Each structure stands twice: as C-alpha cells, then as structure tokens.
Amino acid sequence: MLTVENLDVSYGKTPILRDISLTVDDGEIVGIMGKNGVGKTTLIKAIMGLLEASSGRIVFKGERVADAAASETGTADSSEFRARLASVFNTSSKSNIWVSADERARRGMGYIPQGRDVFPDLTVEENLRMGEGINEDDSTIRYNDVYNYFPILEERRTQQAGTMSGGQQQMLAIGRALIGNPDLLLLDEPSEGVQPSIVQDITRDLKQVNRDLGTTILFVEQNLHVVQNLAERCYAIDKGTIIDELGPDRIQSREEVTEYLAV
Ligand SMILES: Nc1ncnc2c1ncn2[C@@H]1O[C@H](COP(=O)(O)OP(=O)(O)OP(=O)(O)O)[C@@H](O)[C@H]1O
C-alpha cells in the first residue's frame, strides 16, 4: 500500500526528518510513535503531500507520488536548483516527481489532521459532505457506514460541529475522511484532546473500519492505549529518524512502548 524510502524533509534549511524508510502493507494497521516534537506530524504531512521531501521516495499503491533524488545538502533549496538545471539543459529530471495532496486524496489517501480541522460553523452533515467529491462512487453507502460506526453523528446531524466535544469532532473528522472512500487512512494523533473513555471507543471503531472495509491505517501517536490497542506493528521515531520497529509481542510490553513515549 505504502512505501517510504530514505525520506528527508526540511523546514527551510533546518532538517527535520532524516532517512525515513517504512512500509505499510495492504489492510495493515501501523503506528508511528514518538515523543513531542520528534517529527511525527511532519512525516504524516509529507506522506499526504502537504510538505515536500528534499530527498527520498514515497510509493503509494505501486506508483511514485514523490521522488526527490538524494542531494548533497538534503535541503529543499538544492532540489529546486536541480530542477532548474534540468529545465535549462532540457534534460528529464528523474527527481522531483511530485503528486499534490489533492491528487493523493483522489488516488485514495484519507487524512485526519492533528486537531481535526472540522469546520466549526458547519453542521455535522455539511462537514461530512465536504468529504464527497474526492471519490465519486456511491457515497450513500458510506453515509450509512459512518452513521453505523458513529451513531452520535447521525443524532447530531444538524448540530454545528464547533459545539461538539473533542471526541465527537474526532469521530466527525474520521467520518469525513471515510466518505471519500480511502484505501489508506492517515491519522495524526487521534487521541489528542479526547477524553480517555472516548479514546477507547475511537480505537475500537477504527479497528472495526479496518476489518469491515479493509481500510489500511497509518497513525502517529504518543498515547499508550492507542499504540497498544490499535497497532499491529509500530515504528518508533526520535529526532526525525526511525530508531526501532516493534512487532505485536513487543507492542504489548508496557516497558518497551513507554520508553518511546512521553509518559
Ligand atoms: N512550520 C515549521 N517551521 C519550522 N519548524 C517546524 C515547523 N513545524 C514544526 N517544526 C519543528 O519540527 C520539529 C518536528 O515537529 P512535528 O510537529 O513534526 O513533531 P511532532 O512529533 O508531531 O510533535 P507533537 O507531538 O508535538 O505534535 C519540531 O522541532 C518543530 O518545532
């Protein structure tokens, strides 16, 4: 479903992610855990196409959606320079394949940002409708699915999203992504600002979505419960680099997991 190879991402000249490689198989639920500020959001945004890589590749469903050849300095500036050189000399640059976030969404990536970004003044139903149009299949089925997983959204269909709790807004953001019929759901800290009992509900619902619809899930988290109860496999990230990969047995070890989390 997804392969990330040797990805570097910088903000201006400040390198943030270094040599990130990971894979997510079709139908898998994979977590990326790490403490505050280690680069989790940066990674998920780069996969979604909201940030450009300075080097490395991202392959989604067998097609490259980002490919920036390795550069000496590893900054975005040098890849721009390479692209300019390629155009001056009329050579085809192997680097700088870049598929926009919109197009990645059309190809099947669904993104649930940190903080959810629901439209506070729109109703629940209007927010869900924002997920349409990405994938033009029969979305009636998807609405039924969403209301089935999150009955509270059906109850509150006409309520303004901004008046709902953090957990309900998170359900709405997941529902909005599901309306687009994604093959891969990318979630940025789904537990943030959500009370613990609702975190458990959301974890259970995401597993159910994965089982019923076959949706592949990649999430970043620093919440122990979510990591242990949602991930089938997990990468640990620190200072912009992947430092460990944990299988199911190690994920169940509280000591092993907490070592990588801010608890
Ligand atoms: N727009 C930006 N410009 C410059 N530096 C940034 C920007 N956004 C984030 N950073 C820096 O990049 C690093 C990684 O940030 P990122 O948000 O990816 O971490 P994170 O692991 O998601 O953290 P958190 O758990 O707090 O959300 C941090 O040092 C942060 O200060």
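This is a predicted model: local features need pLDDT of at least 70, side-chain atom pairs count only at pLDDT 80 or more; totals for chains, interfaces and linings use all residues.
1. The shell around the ligand is made up of Tyr11, Ile16, Gly34, Asn36, Gly37, Val38, Gly39, Lys40, Thr41, Thr42, Gln114 and Gln222. By residue class, three of the shell residues are nonpolar, eight are polar and one is charged, and helix H1 supplies the largest share of the shell, with three residues.

2. Helix H1, which spans residues 40–48, is mostly covered, since seven of its nine residues are buried. The buried set consists of Lys40, Thr42, Leu43, Ile44, Ala46, Ile47 and Met48, and of these Lys40 and Thr42 also belong to the residues around the ligand. Gly49 comes after the helix and has a positive phi, near 95°.

3. The largest nonpolar core holds 72 residues, and within this core Leu186 and Cys234 touch the most other members. Helix H7 (residues 166–179) gives the most to the core, contributing seven residues. When neighbours within four places in sequence are left aside, Cys234 is in contact with Val30, Gly31, Met33, Val227, Leu246 and Ile251.

4. Strand S7 (residues 109–112) is covered on both faces, with Met109 and Tyr111 buried on one side and Gly110 and Ile112 buried on the other. S7 runs parallel to strand S8 (residues 184–188), to which four bridges join it. In this pairing Tyr111 stands opposite Leu186 of S8, and Leu186 is one of the two residues that touch the most other members of the largest nonpolar core.

Terms used: Residues are numbered from 1 along each chain as its sequence is written. A residue is buried if 20 or more other C-beta atoms lie within 10 Å of its own, exposed if 12 or fewer, and partly exposed in between; C-beta atoms are placed from the backbone. Helices (H or I, at least four residues) and strands (E, at least two) are DSSP runs, numbered from the N terminus. A residue is near a molecule or strand if its C-beta atom, placed from the backbone, lies within 6 Å of it. Ala, Val, Leu, Ile, Met, Phe, Trp, Tyr, Cys and Pro count as nonpolar, Asp, Glu, Lys and Arg as charged, and the others, Gly among them, as polar. A nonpolar core is a set of buried Ala, Val, Leu, Ile, Met, Phe, Trp, Tyr and Cys residues joined through C-beta atoms within 7 Å. Two residues are in contact if their C-beta atoms, placed from the backbone, lie within 7 Å. Two strands pair if DSSP finds at least two bridges between them.
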